[in-house]
Amino acid sequence: MIQLIPDFDDIQGDVLVRLQKDVENFLFFKIVDRISFKDSMKHHILGRITSAHRAHQRELRIQRRREQGESALDEFVSLNIGFTKDGLSQLFRTQGLKFDPAFERGAAAAHTIKILNDPPCSSWVKEFVSDRIDGVFLITGRHRSTLAFHSSELLRFLGTSIKLVYSETGNTRPGAERGHEHFGFRDGISQPGIRGLTRVRSPISRPDQGLPGQDLLWPGEFVFGYAEQHPEHPTKEGPPPPMAAPWLRNGSYMVFRRLEQKVPEFRKFVAEQAAQFGMDRELLAARMVGRWRSGAPLELAPLRDDPGLGGDDGQNNDFEFGDDPSERKCPYAAHIRKAYPRDDTASDAEAQRHRIIRAGIPFGPEVAPGETATRYSRGLMFVCYQTSIERQFEYIQRNYANNRNFVGGKERPGGGVVVPGYDPIIGQAPGNGAREMDEPYPNYPAGNRRTTLDMPNQFVVLTAAAYFFMPSFTALRTVLTS
Ligand code: N7H
């Protein structure tokens, strides 16, 4: 029988719930001695891995304290682990097992790079590509110093059984920028709701949503062993996703992308282009993202930011794009309209087949005074979870963000087909070519001025990537360490 409520004690915490993280260490490693690696895992590490259950309980405690006007929790440390296809093959005979095709080939494969228009590995962070990556430890907590202590303790336990290939620390931005990514926009607002986990705010009027606008999905979209979405019906239960082996149950695929953000260049470009179009620069930036800095969506606040709306989780995700058929409020190519087109796609069921749970964190320092061209590497350690990398992350990147013709079938108010253009934030043209986006200038509430935003350069540049599998506790305790 398919269980509806996921087996929380067997699922790693970052997958469905997301580990709490002010700071996060990413330790990418190669397995050098599999026997002693398995031994250290069994004796020192498995007991420290944080489950979804623990992450969920901590989240509830944080919420309670916030409601009572108390500060967030004191010190804590969480640990999760994932393996690449190479890593699994080190631990286990994987021949003959049919994993997700994208996971099989990996993020650095020539085919992956080609289909995603990614920059070649030769331009990625040198240490990251200096050796084979078998796995990653995610260590999260509140303070850099505590994490540094726990990371070195972990590495001491593992000794020479692994080689640390690359490590990097992500951290939330300081002060008022907390919760905002480096371009300045509030992040982490819209996530899929999970049936059996996400609390339904209005059970009578909106039984299929968590927060208003947050459609509930079947957990099998993100964790193996449970029903996934029905291919033709947005709320009906579908079959569970196919598993390469029974031990994939309660596991999930993780996509990691180190995305460098060219913040001074982005700001300069937006200011110059806005001046040329004769529009407010904040409005132009918002039309590239689909939300204002505060998080207020253009669909509900088309002309100026509304911080009250941006901060109100009862309203800030409660919209569709269907009542904006001529991109008057929000361009078709705006990042959030591309990444989750809602009712812009052929059917609601179709839109829900390409969702991801995002669990990234910014990295790098704030822009320094006088830094008018990027001098320090900064950006987003992008992390997302799913049960099919091909149908979820890669589909969004390839068929939506990089596809200048998506969303198709839209017409100008007076007739004529619209080519929406590239997602200006994450879209990538072949060969790092120039990109364009339709309608940066708003024809709202009316108007018929035709404008195109020409973007000769990327503001987001991929500098490392890998695909991982985040096994269940059961798999970690049995097949992967026996
Ligand atoms: Fe995106 N940004 O600042 O512009 N993203 N994103 N993203 N993103 C979102 O709704 C950003 C990236 C999605 O449900 C917001 O939480 C940046 C990748 C999806 O309506 C903001 C980078 C992919 C959503 C940003 C980046 C996605 C989303 C609004 C890279 C997948 C939810 C806040 C540096 C291929 C859409 C929010 C929805 C939201 C930004 C990367 C996907 C502000 C800077 C690689 C699915």
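A residue counts as buried when its relative accessible area is under 20%, as exposed when that value is over 50%, and as partly exposed in between. That scale comes in handy for the charged pairs of this predicted model, where a search of the whole structure turns up 38 salt bridges.

Take D187 and R358 to start with: their side chains form a salt bridge, with N and O 3.0 Å apart. The two residues sit 171 residues apart and tie together distant parts of the chain, D187 lying in the loop between strand 4 (162-171) and strand 5 (193-194) and R358 in strand 10 (residues 357-358). D187 has a relative accessibility of 31%, so it is partly exposed. R358 comes out at 26%, so partly exposed is the label there too.

Next up is the bridge between D208 and R195, whose closest N and O atoms are 3.2 Å apart. Here both partners belong to the loop between strand 5 and strand 6 (216-217), 13 residues apart. D208 is partly exposed at 31% relative accessibility, whereas R195 is buried at 11%.

Then there is R412 with D438, a salt bridge at 2.9 Å from N to O. This pair spans 26 residues, linking the loop between helix 13 (393-401) and strand 13 (435-438), where R412 sits, to strand 13 itself, which holds D438. R412 has a relative accessible area of 17%, and because the cut-off for buried is under 20%, it counts as buried. D438 is buried as well, at 6%.

Salt bridges also join up into a network, made of E299, D324, R337, D344 and K410.

Definitions and conventions: Residues are numbered from 1 along each chain as its sequence is written. This is a predicted model: local features need pLDDT of at least 70, side-chain atom pairs count only at pLDDT 80 or more; totals for chains, interfaces and linings use all residues. Side-chain values use heavy atoms; hydrogens and water are left out. A salt bridge is a side-chain nitrogen of Lys or Arg within 4 Å of a carboxyl oxygen of Asp or Glu. Helices (H or I, at least four residues) and strands (E, at least two) are DSSP runs, numbered from the N terminus. Buried means under 20% relative accessible area, exposed over 50%, partly exposed in between (1.4 Å probe, protein chains only).
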